[in-house]
Amino acid sequence: MMQDAGVTSAHMPEGYAIAVHDLHKSFGQRHVVRGCSINVPYGNIYGFLGPNGTGKTTTIRMLCGLLTPDAGTGTCLGYNIRTQSALIKRQAGYMPQKFGLYDDLTIRENLEFVARLYEMPDAKQVATDALHRLGLHHRQNQLAGQLSGGWKQRLALAACVLHKPRLLLLDEPTAGVDPKARREFWDEIHAFAAEGITVLVSTHYMDEAERCHQIGYLLDGKLLVHGAVSDIIAQSRLSTWRITAQNTAEVMHDLQKRAGVEMATSFGTQLHIAGADAEALQRAIESMQAVFPAAQAEKITPSLEDIFIHTMAAVGDRDSQIEEKAGEDASA
Ligand SMILES: Nc1ncnc2c1ncn2[C@@H]1O[C@H](COP(=O)(O)OP(=O)(O)OP(=O)(O)O)[C@@H](O)[C@H]1O
Ligand SMILES: [Mg+2]
């Protein structure tokens, strides 16, 4: 749908660090990934978004060779994800969604352990370098299990970059981490990208999506929207207004009954309302203002969150209509 917002750099290889096509994966009867295609140019930071249970982790695990797709194929770092997963694993760093290190080892011990797993020649020095790079040096003797969420994630990042991967696959690395620590974590992600490392990172945070070169939004195992955030917002046909009023609850109640209002969300003394039919939405607002003359309305640019929630609702409505129709056809 969108153009790739490629990052140009003299030392960056041409083409895509990730190029996978029409991936499918089922667990028993559950068809979880249903035709997912992703292209990520070398050196890009690609944000992977989508609701819980939509197949992000499953897709990431197929990219790094931990799961084999039922159908579909493609490459990571030029290696075939079906037949060359050992080569991919050697050059990719995977940070799983759940903390996978040892709680009863210190930060340093964890890093040295991982360095030995990778058979790196000087595990002590490798760990020391990583401790300095990620600001963990002063905590090196602390047990991993005693770290706060933010520091645990930093340790996990340090562990997955020890072997100097060219591709990072980070699965919700900042879930539950405070805003300052998230920002610092993202500064690190950008620092890695500046060195030419390609990063695919899943997240539920919209501010993080805005720090990516490109994002993809996965819904029910299919990539629904992808591209640069600014392009996605510019190409969205969602009309959005901000309503400022004292009695927001009553105004909200009024608006929700009117045709054209597909989404209404309150933010203190303000409401954001949105709909795909701009004219119907404007009529709804004018009719509301006839009842509440003090309410002020201002057209605004939709946020990424507005667009995704609207898209999810629209797809949900479409799917339930298809199911109803199938039910009617079956009983006819
Ligand atoms: N090994 C497995 N066996 C059976 N079902 C699985 C397995 N792994 C994942 N699933 C199911 O597949 C679906 C997709 O899971 P996945 O973890 O890929 O979603 P996700 O998008 O990463 O969600 P979240 O945002 O919550 O992390 C879920 O319904 C999950 O229960
Ligand atoms: Mg997940």
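Ala, Val, Leu, Ile, Met, Phe, Trp, Tyr, Cys and Pro are taken here as nonpolar, Asp, Glu, Lys and Arg as charged, and the others, Gly among them, as polar. The structure is a predicted model, in which local features need pLDDT of at least 70, side-chain atom pairs count only at pLDDT 80 or more, and totals for chains, interfaces and linings use all residues. Residues are numbered from 1 along each chain as its sequence is written, while chains are lettered from A and ligands numbered from 1 in the order in which they are written.

By these classes, the shell around ligand 1 holds two nonpolar, eight polar and two charged residues. Its members are Phe-27, Arg-30, Val-32, Gly-50, Asn-52, Gly-53, Thr-54, Gly-55, Lys-56, Thr-57, Thr-58 and Gln-97, each with a C-beta atom, placed from the backbone, within 6 Å of the ligand. At least two shell residues come from each of β2 (30-41) and α1 (56-63), where helices (H or I, at least four residues) and strands (E, at least two) are DSSP runs numbered from the N terminus. The greatest contribution is that of α1, with three residues.

Two backbone details away from glycine also deserve a look. Leu-77, in the loop between β4 (71-76) and β5 (79-80), has a positive phi of about 55 degrees. Leu-77 is buried, because 20 other C-beta atoms lie within 10 Å; the cut-offs are 20 or more for buried, 12 or fewer for exposed and partly exposed in between, with C-beta atoms placed from the backbone. Lys-164 likewise has a positive phi of about 55 degrees, and is found in the loop between α5 (149-161) and β7 (167-171). Lys-164 counts as exposed, because it has 12 C-beta neighbours inside 10 Å.
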